[in-house]
Amino acid sequence: MRFVDLVAGATAVSGAVAVPTKTLKRQSKFDFTGVSESGAEFGNTALPGQLGKDYTWPDQAAISTLIQKGFNTFRIPIMMERVIPDKLTGTVNETYTAGLDDIVEFVTGQDAYAVVDPHNFGRYYNDIITDVEGFGAWWTTVAKRYATNEKVIFDTNNEFHDEDNALVGQLNQAAIDAIRGAGATSQYIFVEGNSWTGAWHWTSSGTAEAMGKLTDPEDKLIYEMHQYLDADGSGTSATCVSGTIGAERLADATAWLKANGKKAVIGETAGGANAQCVQAVQGMLAHMADNADVWRGWLWWGAGPWWADYMYSIEPPSGAAFTGVLPSLADFL
């Protein structure tokens with residue numbers, strides 16, 4: 001999702017009490033079916049920001065509801081600068097990171113995956129990250145915190161864009177090396193490419209070359225690609241190009257994954273709550289299920305207590321996608 005300034009869509013935070021719920025046995029072929037749980041990355045121009053004013057944390061009761069619907073993976077966008085302020089090699093801001101600890105513990109306590117997602121677009125304090133060693137140091141600090149939790153997934157960084165493709169590859173490899181070096185050897189790592197990590201231009205953008213060279217001693221890399229279905233693929237419209245656009249936009253990435261022996265997830269996707277978008281999403285997920293040897297799952301963008309009337313919100317109980325799209329996706333959960 002191409003947000004330059006993530007702001008709160010509402011100011012009310014749910015007071016509902018979460019009821020612990022174990023994940024359900026799913027019907028689909030996918031290992032990961034999930035949702036991005038926004039809130040902690042909001043107010044990204046207010047750093048460090050104030051809890052309840054500039055940012056919030058996902059609602060546990062809403063997550064429990066989504067688990068009951070069949071989701072098992074929850075991506076938690078955060079800000080790198082709030083976790084470790086001032087410099088990449090600095091120390092943890094325990095006030096903010098305690099909130100991340102709480103939501104990770106809740107999600108993984110339900111036997112679901114918690115994806116730690118630095119939602120920074122390859123930037124730190126708005127500057128493109130070129131300090132590869134520093135980026136690795138940031139990940140060493142964070143990975144140590146969750147090294148013993150096998151249900152945590154590390155997402156290297158959200159949607160690198162307008163950067164050198166080789167640099168993006170180097171940053172991803174630094175993150176992998178740091179995570180494994182921190183003792184986190186059992187977890188999956190989601191790696192993201194350049195050009196908004198878009199599936200539809202994974203090869204044409206050139207990001208595939210450097211990304212294809214990534215190595216992991218634990219062999220648990222998952223390529224995270226994003227794919228929206230509106231005209232420019234930015235995820236800013238409730239109108240989808242056609243009912244077949246989802247499958248069409250994945251075709252090239254699918255071929256690349258198969259040719260290179262890689263596995264992937266669609267880490268962000270969405271469409272409006274209308275018949276054409278529902279058909280497009282279903283078609284995309286059907287294509288992925290037909291190629292489940294390389295496509296291991298998908299995550300919807302997005303949920304979170306501050307989305308209000310956002311067109312893609314899958315936040316229970318009244319988000320537009322929760323009521324208008326999710327009932328049509330049961331076969332893919």
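This is a selection-by-selection tour of a predicted model.

Residues are numbered from 1 along each chain as its sequence is written. Local features need pLDDT of at least 70 and side-chain atom pairs count only at pLDDT 80 or more, while totals for chains, interfaces and linings use all residues, and side-chain values use heavy atoms, without hydrogens or water.

**The barrel**

Start with the strands. Helices (DSSP runs of H or I, at least four residues) and strands (runs of E, at least two) are numbered from the N terminus. Eight of the strands, in the order E1-E2-E3-E6-E7-E8-E9-E10, close into a barrel with parallel pairing; two strands pair if DSSP finds at least two bridges between them. From one strand to the next the twist averages 25°. Axes here are lines fitted to C-alpha atoms, for helices over the stretch in contact, and angles run from 0 to 180 degrees between N-to-C directions.

Select helix H4, residues 132-145, which packs on the sheet and touches E2 (73-78), E3 (113-118) and E6 (152-155). Contact means heavy atoms within 4.5 Å. The direction of H4 makes about 155° with that of E3.

Next, select 264-269 and 295-303. These are strands E9 and E10, which run parallel and are joined by 4 bridges. Val-265 stands opposite Gly-297 of E10.

Select 275-290, helix H8. Its 16 residues should span 22 Å at 1.5 Å a residue, and the end C-alpha atoms are 22 Å apart, which agrees. The expected span is 1.5 Å times one less than the number of residues. Among the buried residues of H8 are Cys-277, Val-281, Leu-285 and Met-288; buried means under 20% relative accessible area, exposed over 50%, and partly exposed in between, with a 1.4 Å probe and protein chains only. Which elements do the buried residues of H8 pack against? They pack against H7 (245-260), E9, E10 and H9 (320-324).

A search of the whole structure finds 1 disulfide. The link of Cys-240 and Cys-277 is right-handed, with 110° about the S-S bond. Cys-240 lies in the loop between E8 (221-226) and H7, and Cys-277 in H8, so the pair ties together parts 37 residues apart in sequence. Cys-240 is buried at 3% relative accessible area, and Cys-277 is buried at 1%.

**The nonpolar cores**

Show side chains for Ile-78, Met-225, Trp-295, Trp-298 and Trp-300. Of the 95 residues in the largest nonpolar core, these touch the most other members. H8 gives the largest share of this core, 8 residues. A nonpolar core is a set of buried Ala, Val, Leu, Ile, Met, Phe, Trp, Tyr and Cys residues joined through side-chain atoms within 4.5 Å.

Centre on Met-225. Leaving aside neighbours within four places in sequence, its contacts include Thr-197, Trp-202, Trp-256, Val-265 and Trp-295.

**Helix H5**

Select 165-181. Helix H5 has 17 residues and reaches 24 Å from its first C-alpha to its last, close to the 24 Å expected at 1.5 Å a residue. H5 is mostly covered, with 12 of its 17 residues buried. Those buried residues include Leu-167, Asn-172, Ile-176 and Arg-180, and they pack against E5 (127-128), H4, E6, E7 (189-192), H6 (207-211) and E8.

**Backbone exceptions**

Most residues other than glycine have a negative phi, and most peptide bonds are trans.

- Leu-47 and Pro-48 are joined by a cis peptide bond, omega about 5°; Pro-48 is in the loop between E1 (32-37) and H1.
- Pro-316 to Pro-317 is also cis, with omega near 0°; Pro-317 is in the loop between E10 and H9.
- Thr-197, in the loop between E7 and H6, has a positive phi of about 50°. Is Thr-197 buried or exposed? It counts as buried, at 0% relative accessibility.
- Asp-86 has a phi near 80° and sits in the loop between H2 (80-83) and H3 (94-109). At 68% relative accessibility, Asp-86 counts as exposed.

Ala-61 and Pro-316 are 255 residues apart in sequence, with 8.9 Å between their C-alpha atoms. Ala-61 is buried, at 16% relative accessibility.

Key. Disulfide = S-S within 2.5 Å.
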